[in-house]
Protein chains: 2
Amino acid sequence: MAEPVHYFAPDALVQFGTEVFKAYRLPAEDAATVARDLVAADLRGLASHGVARIPIYCKRLRAGAINPTPNIAITHPTAVVAAIDGDDGIGFVVGHRAMAEAIEIAAQFGIGMVGIRRSTHYGMAALYVMQAIDAGMVSMAFTNSSPAMPAWGGRTNFHGAAPLAVGAPGGRPGDYVLDLAMTVIARGKIRLAASRGEPIPLGLALDNEGRPTTDAQAAFEGVLLPFGGVKGSAIAFMMDIFSGVLTGAAFGGEVKSLYFDFSGPQNVGHLFIAIRPDLFMPMQAYRDRMDEMIERAKAAPRAADCDEILIPGEPESRTAAARARSGIPVTGDVARALIDEGAQAKVALPASAARPFDAGA
Amino acid sequence: MAEPVHYFAPDALVQFGTEVFKAYRLPAEDAATVARDLVAADLRGLASHGVARIPIYCKRLRAGAINPTPNIAITHPTAVVAAIDGDDGIGFVVGHRAMAEAIEIAAQFGIGMVGIRRSTHYGMAALYVMQAIDAGMVSMAFTNSSPAMPAWGGRTNFHGAAPLAVGAPGGRPGDYVLDLAMTVIARGKIRLAASRGEPIPLGLALDNEGRPTTDAQAAFEGVLLPFGGVKGSAIAFMMDIFSGVLTGAAFGGEVKSLYFDFSGPQNVGHLFIAIRPDLFMPMQAYRDRMDEMIERAKAAPRAADCDEILIPGEPESRTAAARARSGIPVTGDVARALIDEGAQAKVALPASAARPFDAGA
């Protein structure tokens, strides 16, 4: 636990990632997109979806499980719907191309929907709704992913952790950004508790006999439970219907594991919907109402353990602002993995600092 | 608790409800719609949203808080988006009219979206996605409602319980129907525990000082918490952005209470999206994939306490099939309230049986 943390300039990490992905034949623009997206996750405090994942994406590129130069094909079943075949390209590139299409349709028709098949793992789901926010749009991003938890009542993995993302541009107090996985807790946290020999609360996981357990090791060998019990499970079902069944992608447990199955592309599915906020009133009225909603929520009397009421996305945007100043903290094990990965691609990891850039002398 | 249960024929209850609502000047067709919807909720086992609510809707009609003969105005900001002003009509009538519009647009363009303002409480949210399923459509129904729980970190009510509904037509194993309230538990269950002097689990509610509590009475005097903790809270925020902020309806705690505020119409907002399932593949392929998804889920190895894996909506559709045979069970207090309400409208409550219609001799 005393592993030192290294602070990297965000831009330097973007450049590093870009060069690494270029070494695997991603076009320069696509390589930069992926690198920027990973660093965006690190900035927002989501280290699990940040540069720590460069090695796994490289491994999949080496295995041929990600196509570095996809021919992303877009057809239009109707004027307001696009169907995208991602050609097994990296999910970030496919995802941004798809949301751009949804935004373009919505700009003209008020709403645009894009179904995507043959994509791959696309990282932090917030990326795509933030893209829509930048275009002044409300949006929803559905995805599926490899099995990470059972259907309700089951004891073997079926649904993905499959994050749901929803975004709505805000005004003065900031944007609304929802990005939530279907599992009640990340698997990494169960592993950490197991390694420390600590118990976990009931309701997080089942053991491999399908029994509720507080034993972290038994939980790690078993399955995670959905957030919110049967309600979260029902939402996980929706994620796979929308992203998998409907779009033509893999579904019902078929999406290949990012980490453990290199036998071929994942065939991940996504479904994006972009919506213009000025359909039912002028844009400024919408913005004023968002401000009012957020300000009312934040001004409410607080619960006993709450210092400040934050809206969805606000903690992450604050972290991003802080890390833009401090640099991105990277643990030693991740830094070593990046050095090794860079070496394979003949790219040197940039210099880091032992302290935050904005720390006093 | 020994209150006897009376069994009513569903058709007879529909007729009763229709006549009662006609007495409050609802057109015959609209009165029948509301009555059928309430009985549909009873059939599905959702007694809280069934005929037990006839008196409260009548009270709001008497108070002028529901307009019995609304002029529902539909405009089209774009070819694929409709804006509906419900003119304070009863939510059931406004809701079905709105989903019909979404379905009609989706039939032509693949997706249709309808934003509704100046509606009122619309009952069981599943009604509207089941309407879309009957038309062969996938759909989402967002609504807001009067404050029933705090924003995350608050201790006073802000968000509504506001159910999210999502539907997708299935094949052999049945349809997917999600209908879930944002609160972790219904307020009535807290009240019941309080009346029995029983404790409640942590995580359901805060006391009126904003402290977590297991004291049911303190919880009843305090506030409910969202399902799934901060994740459910973030979804509740979305419900109000989509249904309230975006559509032009009341939002951010402004929707008037169904039970406690008769000072005027509620100005509830809804947002409906209907989607044709045959956009990315032929309809039969979609149906086959839904079947496969559902059958895979149901065939999975089961958790220790699970006899059968059921998909979202399956328990309710089984209950509906059983109650079509047994009749609808109505508790004595509700039956008495219906007799009183009927008397005001000069409509007699139909005969009931003391045992299920399909009970043996």
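The entries below follow the order of my look-ups.

**Basis.** I worked from a predicted model, in which local features need pLDDT of at least 70, side-chain atom pairs count only at pLDDT 80 or more, and totals for chains, interfaces and linings use all residues. Residues are numbered from 1 along each chain as its sequence is written, chains are lettered from A and ligands numbered from 1 in the order in which they are written, and side-chain values use heavy atoms, without hydrogens and water.

**Cysteines.** I then checked accessibility, where buried means under 20% relative accessible area, exposed over 50% and partly exposed in between (1.4 Å probe, protein chains only). Cys58(A) counts as buried because its relative accessibility is 0%. Cys306(B) is also classed as buried, at 13%.

**Interface.** I took contact as heavy atoms within 4.5 Å; chain A contributes 80 residues and chain B 79. The two chains bury about 6500 Å² between them, 77% of it on carbon and sulfur atoms; this is the accessible area (1.4 Å probe) lost on being put together, summed over both.

**Salt bridges.** I counted 2 across the interface of chain A and chain B, requiring a side-chain nitrogen of Lys or Arg within 4 Å of a carboxyl oxygen of Asp or Glu. Arg296(A) forms a salt bridge with Glu254(B), with the closest N and O atoms 3.0 Å apart.
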